[in-house]
Amino acid sequence: MAIKAPKGTKDVLPSESYKWQYIESKWAEICAEYGFREMRSPTFEATELFNRGVGDTTDIVQKEMYTFNDLGGRSITLKPEGTSPAVRAFIENNQYAETQPTKYYYNAACFRYEKPQAGRLREFHQFGIENFGTSSMLADAEVIALANDFLGRMGIEDIELHISSVGCRKCRPAYRERLQDFLRPHYDCLCDTCKSRFDKNPMRILDCKSKEDKALVKDAPMMLDSLCDECREDFETLKKHLDAMGITYVVDPAIVRGLDYYTKTAFEFITTKIGAQGTVCGGGRYDHLIEEVGGPDMPGVGFGLGKERLLMLMEASGQDFGGETKPQLFISWIGDNAREYSVKLLYDLRRAGVRAEMDTKERNLKGQMKYANKLGAAYTVVIGDDEVESGELTLKNMENSEQTKVRREDLIDVI
Ligand code: ATP
Ligand code: MG
């Protein structure tokens with residue numbers, strides 16, 4: 001039986017990978033401009049990190065993690081998201097002792113055991129940023145601005161920024177009770193998952209994907225209407241910063257992050273252009289996460305942005321991704337002398353940084369030219385005994401068929 005890639009994973013072949021390279025290079029560029037520095041963390045972590053850092057009442061921890069015991073009997077989990085590993089690295093490497101804030105960006109493969117569908121994979125990829133060490137809304141605004149600017153640079157227009165506040169440890173307990181009071185008479189109608197959320201994490205019921213539950217919570221009290229003074233002020237300040245930058249948003253009280261260590265700002269960039277999985281980027285503030293993972297009491301804010309969904313959206317809107325790189329020069333040859341001459345010429349050109357190419361299948365001249373066409377080479381040159389002897393080459397521009405004579409030693413400059 002032929003072996004296939006595991007369900008929910010994807011190969012990225014050269015006809016696609018140049019698109020990935022394009023968004024990755026633009027991503028690194030914008031992060032540098034906004035003062036975020038790259039951090040890389042392992043693909044797997046101790047399971048305990050995610051139990052604490054994602055939260056053991058979440059879908060991710062309850063049913064989506066790739067967890068196994070390694071041969072040393074340790075419980076290991078493939079990274080389902082990027083924030084808790086960044087927090088763990090920040091703490092473990094004593095980065096909290098440096099001048100704050102700490103601004104990281106990353107580019108990570110994430111693993112979640114989900115039902116695969118368009119825009120939902122079991123191995124997917126995220127861009128992310130985190131800002132540790134400041135509770136100022138300037139940090140939240142900067143994080144949102146980077147996401148907004150990046151999506152704009154990627155040519156995306158059909159997307160909406162939704163923002164909300166999920167409150168804090170001061171105002172959430174009272175809200176939680178109000179929400180439970182509202183839901184209690186409808187408890188029997190909730191889906192099984194939400195029944196189990198009722199005590200532990202009722203705010204996640206607001207985020208349930210089931211139609212019935214969605215209808216049920218339509219009139220539920222909202223956190224946004226129950227904020228304490230500090231949270232309300234912060235939310236107003238955030239909006240002021242966004243307004244100052246001219247970033248448009250929709251206040252959407254339905255955005256939730258159900259865990260205690262997520263606080264205040266929550267946001268998502270949502271599109272209707274790529275089907276049901278329309279959230280391209282999600283993030284927010286987590287003022288108690290660093291402490292929860294075992295570090296000092298330090299605030300943080302950040303986001304994760306799904307690369308597959310971003311690519312889908314860019315394709316849907318007809319972006320060209322800068323085009324795939326093609327050879328600048330294709331060298332074809334006839335005869336043994338010319339072959340060795342060409343081998344050397346090819347190597348010299350490549351060492352000088354020219355994208356030069358030759359046919360390693362040793363086809364005849366006609367075959368070589370066909371191949372050059374297929375590769376989309378900008379120029380071709382044919383080497384025969386005459387060229388070897390005289391050092392004078394005929395360069396053919398493949399676009400307009402124009403031919404120019406060039407000395408071998410001038411070739412690099414001309415190309
Ligand atoms: P969703 O509600 O779609 O499941 P989420 O809230 O679980 O998303 P986050 O944990 O906030 O997602 O992850 C940030 C981003 O990563 C998402 O906005 C999305 O673009 C992407 N993402 C999440 N899960 C997947 C997946 N299984 N496949 C592809 N991309 C994903
Ligand atoms: Mg999810």
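Tutor: Happy to! The crossing of H1 and H5 is right-handed; please keep in mind that this is a predicted model. Helix H1 covers residues 14-33 and helix H5 covers residues 137-153. Their axes come within 11 Å, and they cross at roughly 140°.

Now for the side of each helix that takes part. H1 contributes Ile-23, Lys-26, Trp-27, Ile-30, Cys-31 and Glu-33, and these meet Leu-146, Asp-149, Phe-150 and Arg-153 of H5. Sorted by class, this contact has six nonpolar residues and four charged ones, with no polar residues.

From the helices, let's move on to the ligand. Around ligand 1 there are 16 residues, and Arg-112, Glu-114, Arg-120, Leu-121 and Val-280 come nearest. By class, this shell divides into four nonpolar, six polar and six charged residues. Strands S6 (123-132), S10 (279-285) and S11 (300-306) each supply at least two residues of the shell, and S10 gives the largest share, with four.

Arg-120, one of the nearest residues, also has a side-chain N or O atom 2.9 Å from an oxygen atom of ligand 1. In the side chain of Gln-126, an N or O atom is 3.1 Å from a ligand oxygen. With Gly-306 it is a polar backbone atom that takes part, 3.2 Å from an oxygen of ligand 1. Taken alone, ligand 1 exposes 580 Å², and the protein buries 85% of that.

Two backbone details are worth a look before you close the viewer. Most residues other than glycine have a negative phi, and most peptide bonds are trans. The peptide bond from Gln-100 to Pro-101, however, is cis, with omega near 5°. Pro-101 lies in the loop between helix H4 (83-92) and strand S5 (102-111). Lys-264 has a positive phi, near 55°, and its place is in strand S9, residues 263-270.

Terms used. Residues numbered from 1 in each chain as written. Chains lettered and ligands numbered in written order. Predicted model: local features only at pLDDT ≥ 70, side-chain atom pairs only at ≥ 80, totals over all residues. Heavy atoms only, no water. Near = heavy atom within 4 Å. Polar contact = N/O pair within 3.5 Å; in protein donor to acceptor, adjacent residues only side chain to side chain. Areas by Shrake-Rupley, 256 points an atom, 1.4 Å probe, with all protein chains shown as cover. Nonpolar A, V, L, I, M, F, W, Y, C, P; charged D, E, K, R; others polar. Axes fitted to C-alpha atoms, helices over the stretch in contact; angles between N-to-C directions. Left-handed = near helix turned anticlockwise from the far one by under 90°. Contact = heavy atoms within 4.5 Å.
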